[in-house]
Amino acid sequence: MKKKMLVLILGILLTGCGSAQPSGSGSVPEDQTQVTEQVPSGEAQSGGETSAAEASVQPEAGDASEGASSGEDAQAAGAEEEAQAADPDTVGKELADRILTASGADESSLHMLTVSDYDRDGDYEAFAVVGETDEEMGSLTGAVWFAGDPEAAPEKLTEGEFWFHRSETGEEVIPLIRFDAGRDFFYIADWYVTSAPIELWSVRGDAPNLYFAGLSLGSWDPDGDLELVADGYDMIWDKEMEMFIGHTWKPYYFHYVPEDDAILAYKMHPITAEEVKEKVGRDLVAEIEAAGYTVGEMLYHENGIVHVNYTIETDTDITYCNVNFDTRTKQFLSFEGTSDDWSPEETGFGGSYSPED
Ligand SMILES: [Ca+2]
Ligand SMILES: [Ca+2]
């Protein structure tokens, strides 16, 4: 059963491509797409498992042994006994203390402490940010620290200004992504107004390892896709100014591949109108053309998502739109969720999907 964890760093309210349809107004102001900071709700974040406070030490000891006994990670088997014996609260406290000692900071500066058995080998590791929060801005300025192997000194990994959130009940959001395929990730997002490029960290060979950097975090399924969002100014070609305006945020799809121990993008392939019809179950291209729009490149994302780019042209501008259909759920996709139909008001992310992306 799929459990979708929505952790939009950017809560994005798109007014839809339709807003830029022939309607008299030539161009759409940049604030057409409004970005609001969205604090991930405690419910969405924890997936109903634990509160953020309880989640500060994850997983429960049982989770570690479960990972080992599942046979996904043979090397974990030997450490199973040790993991079961370890009290996660005690281990988490020890890891936090080691980070504080190494960084020279006091406890009030320790944020986003995220303890887990990241590589599922039976030993807990911790990532945390040591720094100062600006709760009003939702930011945290400081350094990411890692502590794991008791024989190794904690490491300072990166410094910057990061997004910082609390749940609705005031607890710090725990930036942990867990994939059933066998690895956990700590994520940190750079603080910008319109985007939040992430770093995904985990543990490889007892050392911290950066698995991915760039794009903004959308959402993920523990047993499926990781959605990462690309932002760009590719919404509207203004004929008079001869430039693109309008900020877009398009999801791209990734997954954790245990055989490669990597976060990999699902590939995109160009497809024909006939293939779109087969995959969507209706003649989508004909419908878009019948609405008076011009269909552009059609693409298939290997996770099962069909993209059909199209344009809406007026005397003053060309608006770039896309229809996106999930062949697994038989639903069209939008930032607000899903939709039964594809109209520009209801769906689409703005701009154009490209096979080069
Ligand atoms: Ca471990
Ligand atoms: Ca280890």
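**Strand 5 and its surroundings**

Val115 has Ala126 of strand 5 as its bridge partner, strands here being DSSP runs of E with at least two residues, and helices runs of H or I with at least four, each numbered from the N terminus. This is a predicted model, in which local features need pLDDT of at least 70 and side-chain atom pairs count only at pLDDT 80 or more, whereas totals for chains, interfaces and linings use all residues. Residues are numbered from 1 along each chain as its sequence is written, while chains are lettered from A and ligands numbered from 1 in the order in which they are written.

Strand 4, residues 110-116, runs antiparallel to strand 5 and is joined to it by five bridges; two strands are said to pair if DSSP finds at least two bridges between them. Four residues lie between strand 5 and strand 6 in their hairpin, where Gly138 takes a positive phi near 70°.

These strands belong to an open sheet of four, ordered 4-5-6-7 with antiparallel pairing. Its edges are strand 4 and strand 7 (155-163), each of which pairs on one side only. On average, neighbouring strands of the sheet are turned by 20° against each other, direction ignored, with axes fitted as lines to C-alpha atoms and angles running from 0 to 180 degrees between N-to-C directions.

Strand 5, residues 125-134, is mostly covered, since eight of its ten residues are buried, a residue being buried if 20 or more other C-beta atoms, placed from the backbone, lie within 10 Å of its own. Leaving aside residues up to four places away in sequence, Ala128 touches Ala96, Ile99, Leu110, His111, Met112, Leu113, Thr114 and Trp145, a contact requiring C-beta atoms, placed from the backbone, within 7 Å.

Ala128 is also, with Ile99, Ala126 and Tyr187, among the residues with the most contacts inside the largest nonpolar core, which has 51 residues; such a core is a set of buried Ala, Val, Leu, Ile, Met, Phe, Trp, Tyr and Cys residues joined through C-beta atoms within 7 Å. This core draws at least three residues from each of domain 1 (30-41 + 66-215) and domain 2 (224-357), with bounds that come from an automatic or database domain assignment. Apart from it lies another core, of 25 residues, including Val276, Ile288, Ile312 and Phe332.

The chain as a whole has six helices and 20 strands, and 44% of its 357 residues count as buried.

Key: A residue is buried if 20 or more other C-beta atoms lie within 10 Å of its own, exposed if 12 or fewer, and partly exposed in between; C-beta atoms are placed from the backbone. Two residues are in contact if their C-beta atoms, placed from the backbone, lie within 7 Å.
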